[in-house]
Amino acid sequence: MIRHRRTAGVAAALALGAVATAVLGFAAPASAHVTVNPQEATQGGYGRFAFRVPNESDAASTTKLEVVLPENAPVGSVSTMPVPGWTVAVEKRKVDPPVEVHGSQISEAVSKITWTAAGDAAVKPGQFQEFPVSMGPLPQVETMVFKTLQTYSDGNVQRWIEAPTPGGEEPENPAPVLTLTAAAPSAAPTGSAAPPAAADDDDADSDGVATGLAVAGLVAGVGGLLLGGLAFARTRRAPTSQA
């Protein structure tokens with residue numbers, strides 16, 4: 001009887017918990033958000049990156065994506081790859097001080113990229129879309145935070161604009177983040193004397209081999225002369241013995 005009451009109590013608690021979860025969303029999983037892929041790159045380099053956009057709505061489609069480039073980390077060269085069914089608009093801003101690209105000073109940098117779906121190209125429920133860009137040289141900073149707005153066909157706008165907190169939990173609406181690492185130093189510094197030294201060693205070995213072969217040849221020649229002399233002497237003595 002006691003066991004039956006305990007079982008009934010547990011069932012009631014689980015039922016209440018399920019109702020609370022459904023109504024209040026206490027146990028709802030974290031929603032998928034816009035990300036940049038890959039998520040790591042090297043400072044000073046160039047790279048191809050894609051903003052990956054999942055559609056989270058059950059009824060509406062994603063019709064527009066706006067990506068804002070960080071003001072504290074201007075990039076001298078930014079180009080977009082065509083996405084079928086989408087138009088792209090690029091906005092620029094003045095940069096002070098200018099950014100150097102291939103030896104030239106660039107006074108403007110891309111500040112915002114907007115992709116807009118045309119016709120039936122919108123990202124439908126249960127789908128995702130990638131929007132590729134090429135960027136470089138990447139700035140000398142540890143992270144680039146791309147604040148992003150995702151607009152749905154029903155008018156709702158999802159704002160992925162929160163920067164991560166070091167050591168903290170992921171924000172509710174995290175922005176795409178690109179982590180940048182310092183370029184690794186070259187293995188052998190310019191002007192290193194290591195290769196010439198190796199070449200000198202090879203030359204020394206070659207000279208030693210050549211000298212050894214010359215000595216061996218000289219010994220063989222002397223040996224041949226001695227053998228020839230002995231054979232000649234025997235030939236000279238042979239007739240005298242027969243007489």
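Let me start with Asp 120, which at 62% relative accessibility counts as exposed, since the cut-off for that word is over 50%. Please keep in mind throughout that what we are looking at is a predicted model. The side chain of Asp 120 meets that of Lys 124 in a salt bridge, at 3.4 Å from N to O, and Lys 124 is partly exposed, with a relative accessible area of 26%.

The count of salt bridges comes to 4, and I would like to show you two others. Arg 52 forms one with Glu 130, where the closest N and O atoms are 2.7 Å apart; this pair links distant parts of the chain, with Arg 52 in strand 3 and Glu 130 in strand 8, 78 residues apart. Lys 112 forms a salt bridge with Glu 66, the closest N and O atoms being 2.8 Å apart, and because Lys 112 lies in strand 7 and Glu 66 in strand 4, the pair ties together parts that are 46 residues apart in sequence. Glu 66, at 12% relative accessibility, counts as buried.

That brings me to the sheet, in which 5 strands form an open arrangement in the order 6-7-4-10-11, with antiparallel pairing. Its edge strands are strand 6, residues 86-101, and strand 11, residues 157-160, each of which pairs on one side only. Strand 6 and strand 7 pair over 12 bridges, and Thr 87 has Thr 116 in strand 7 as its bridge partner.

Finally, where is Ser 153 found? Ser 153 sits in the loop between strand 10 and strand 11, and the residues that Ser 153 touches include Ala 60 and Thr 63.

Methods: Residues are numbered from 1 along each chain as its sequence is written. This is a predicted model: local features need pLDDT of at least 70, side-chain atom pairs count only at pLDDT 80 or more; totals for chains, interfaces and linings use all residues. Side-chain values use heavy atoms; hydrogens and water are left out. Two strands pair if DSSP finds at least two bridges between them. Helices (H or I, at least four residues) and strands (E, at least two) are DSSP runs, numbered from the N terminus. Contact means heavy atoms within 4.5 Å. Buried means under 20% relative accessible area, exposed over 50%, partly exposed in between (1.4 Å probe, protein chains only). Lists of a residue's contacts leave out its neighbours within four places in sequence.
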